[in-house]
Amino acid sequence: MSDQPQLTPAQQSPGTVAGRLAVVRERIATAAEAAGRRPDEVRLLVATKTQTADAVLEALAAGVDLIGENRVQELVAKAPAVADRVADGALQVHMIGHLQRNKINQVLATATGLETLDSLDLARAISERCVRDDRTGDQALDVMVQVNVTGEESKSGVEPQDAAALATAVAALPGLRLTGFMTIGARLADSPEQTVRAGFARLRTIRDEVLASGAPGTASATELSMGMTGDLELAIAEGATIVRVGTAVFGPRPVTATTL
């Protein structure tokens with residue numbers, strides 16, 4: 001995209017993180033244009049699960065400004081390497097994996113956003129910690145409601161029919177800023193494209209319903225975090241504003257990864 005740093009031919013080699021990033025950005029731009037959207041309407045979140053801090057820093061050097069971590073222990077382990085960038089506002093770090101209540105403090109200390117809020121009890125617990133830490137107003141934690149659009153028991157997220165009510169309740173809690181909705185779509189390997197797209201469309205409908213409600217705190221709930229390496233084009237066609245990509249950026253995950 002036009003606002004990304006210019007890379008040398010060597011840096012753009014398909015075998016480098018920078019080179020693979022260039023390919024992913026081109027995929028995003030092409031998909032956005034095919035959907036009649038501007039490429040800058042879709043942000044790239046680079047999923048750093050199992051990657052080393054050095055690999056993450058390589059991605060940041062290529063212009064990445066949003067990363068996501070699935071596991072709290074990895075989030076905490078990599079935090080020192082990116083702390084300066086987070087502090088000066090050059091990098092956002094989202095928790096994109098399931099969060100247990102006993103890990104709330106660790107996430108609040110290291111993440112700028114949480115995409116996997118799926119219960120009011122968890123939302124209230126996070127809100128209480130934010131208020132206790134005086135993290136309200138402009139310092140509130142950005143959160144998304146995770147919705148299980150596929151109905152698969154193996155996936156986290158609130159049921160679609162309950163998502164709007166949960167989002168409205170979350171939006172009213174102090175210390176939290178509702179920014180939108182997140183989902184993990186059906187696997188393309190197991191489902192036809194129309195099924196995958198239908199799930200993404202369902203999330204968009206939920207988002208639009210909440211925005212139209214005018215409920216307090218919901219005006220900022222514009223984001224749709226959906227689509228990954230295999231299905232980002234379908235997600236963008238259905239309105240994704242954030243796509244979460246890991247494998248296409250870093251290559252196959254290492255069997256054994258060191259997080260430092």
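Mentor: Contact means heavy atoms within 4.5 Å of each other. This is a predicted model, so local features need pLDDT of at least 70 and side-chain atom pairs count only at pLDDT 80 or more, while totals for chains, interfaces and linings use all residues. Residues are numbered from 1 along each chain as its sequence is written, and side-chain values use heavy atoms, leaving out hydrogens and water.

Start with Thr48. Thr48 sits in the loop between β1 (43-47) and α2 (53-61). Helices (H or I, at least four residues) and strands (E, at least two) are DSSP runs, numbered from the N terminus. Thr48 is buried, because its relative accessibility is 2% (buried is under 20% relative accessible area, exposed over 50%, partly exposed in between, with a 1.4 Å probe and protein chains only). What does Thr48 touch, leaving aside its neighbours within four places in sequence? Its contacts are Val56, Ile67, Gly68, Glu69, Glu74, Lys78 and Phe250.

Stay in the loop. Thr50 also lies between β1 and α2. Its phi is near 70 degrees, a positive value in a residue other than glycine. Thr50 counts as buried because its relative accessibility is 11%.

How do α2 and α3 pack? Their angle is about 25 degrees, and their axes are 9 Å apart (axes are lines fitted to C-alpha atoms over the stretch in contact, with angles from 0 to 180 degrees between N-to-C directions). So α2 is roughly parallel to α3 (under 35 degrees; over 145 is roughly antiparallel, 65 to 115 roughly perpendicular, the rest oblique). The crossing of α2 and α3 is right-handed (the near helix is turned clockwise from the far one by less than a right angle; anticlockwise is left-handed).

Step past α3. Gly89 lies in the loop between α3 (72-87) and β3 (92-95). Gly89 is exposed, because its relative accessible area is 60%. In sequence, Gly89 and Thr112 are 23 residues apart. In space, their C-alpha atoms are 9.9 Å apart.

For contrast, look at another helix pair. Helix α6 (residues 160-171) and helix α7 (residues 193-213) pack at about 30 degrees, with axes 10 Å apart. α6 and α7 are therefore roughly parallel to each other. α6 passes α7 in a right-handed crossing. From α6, the contact uses Pro160, Gln161, Ala163, Ala164 and Ala167. From α7 come Arg202, Ile206, Glu209 and Val210. By class, six of these residues are nonpolar, one is polar and two are charged.

One more positive phi. Asp134 is not a glycine, yet its phi is about 60 degrees. Asp134 is in the loop between α5 (120-132) and β5 (141-146). Asp134 is exposed, because its relative accessible area is 60%. Thr50, by contrast, counts as buried.

Definitions and conventions: Ala, Val, Leu, Ile, Met, Phe, Trp, Tyr, Cys and Pro count as nonpolar, Asp, Glu, Lys and Arg as charged, and the others, Gly among them, as polar.
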